[in-house]
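Here's a quick tour for anyone meeting this structure for the first time. Have a look at it, and then we'll go through it topic by topic.

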Amino acid sequence: VMEANKYALAVTPHKCDQKPGGYISNCDKAGCGTNPHNINSQAFGPSGSYKIDTTQAFTVSVNFGSKIEVTLKQGSNSFQFEDCGNNSGYVSNMNEAFDYGMVLVMSYFGGSYNDFSWLDGMTGCQGNCPQDGYAIYSNIEIS
């Protein structure tokens, strides 16, 4: 659902051709993504000039229901956006998969600029995203 590095973030649900609970052979690759940089270019980035400074700890909350709402918080700063706008097909497909049951997976990934420019190319980021950094996942709550 969420893909990010220190320059950009994308929340991207995907639709699959098959119903949850069985073998799934095809899901759309592009999904219905929202990148906060396209809403506010100063919302998220690696310095104190951004509302959310990605060089410091911050909280991400994602609420699923009739829409997908994402909130980023850091100290007294917050930034909220709705994912996929009015594209309810993605939201209803995601909710159907949640109703069936899902496994939470978190990973840290990076790669060449050519492979990741879809995520952060519009930010002015140049060069590769090294895979030797670190991420801390803590205080995870599912309710």
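Cysteine 32 and cysteine 84 are both buried, where buried means under 20% relative accessible area, exposed means over 50% and partly exposed lies in between (1.4 Å probe, protein chains only). Bear in mind that this is a predicted model, where local features need pLDDT of at least 70 and side-chain atom pairs count only at pLDDT 80 or more, while totals for chains, interfaces and linings use all residues. Residues are numbered from 1 along each chain as its sequence is written, and side-chain values use heavy atoms, with hydrogens and water left out.

**Disulfides**
- Cysteine 32 and cysteine 84 form a disulfide with their sulfur atoms 2.3 Å apart; a disulfide here is a pair of cysteine sulfur atoms within 2.5 Å.
- That bond links distant parts of the chain, 52 residues apart: cysteine 32 sits in the loop between β2 and β3, and cysteine 84 in the loop between β7 (77-83) and α1 (88-100).
- By the same rule, the count is two disulfides, and the other one joins cysteine 16 to cysteine 27, S to S 1.8 Å.
- The torsion about the S-S bond of cysteine 16 and cysteine 27 is about 90 degrees, so this disulfide is right-handed.
- Cysteine 16 is partly exposed at 27% relative accessible area, and cysteine 27 is partly exposed too, at 33%.
- Counting bonded cysteines along the chain, the pattern is 1-2, 3-4.

**Overall build**
- The protein has two helices and seven strands, taken as DSSP runs numbered from the N terminus (helices: H or I, at least four residues; strands: E, at least two).
- Starting at the N terminus, the order is β-β-β-β-β-β-β-α-α.
- Along its principal axes, the C-alpha trace spans about 45 × 35 × 30 Å.
- Buried residues make up 28% of the 143 residues.
- Of the contacts with a separation of 6 or more, 48% are between residues 24 or more positions apart; a contact means heavy atoms within 4.5 Å.

**A closer look at threonine 71**
- Threonine 71 belongs to strand β6, which covers residues 68-74.
- Is threonine 71 buried or exposed? At 13% relative accessibility, threonine 71 counts as buried.
- Leaving aside residues up to four places away in sequence, threonine 71 touches Thr59, Val60, Ser61, Phe79 and Gln80.
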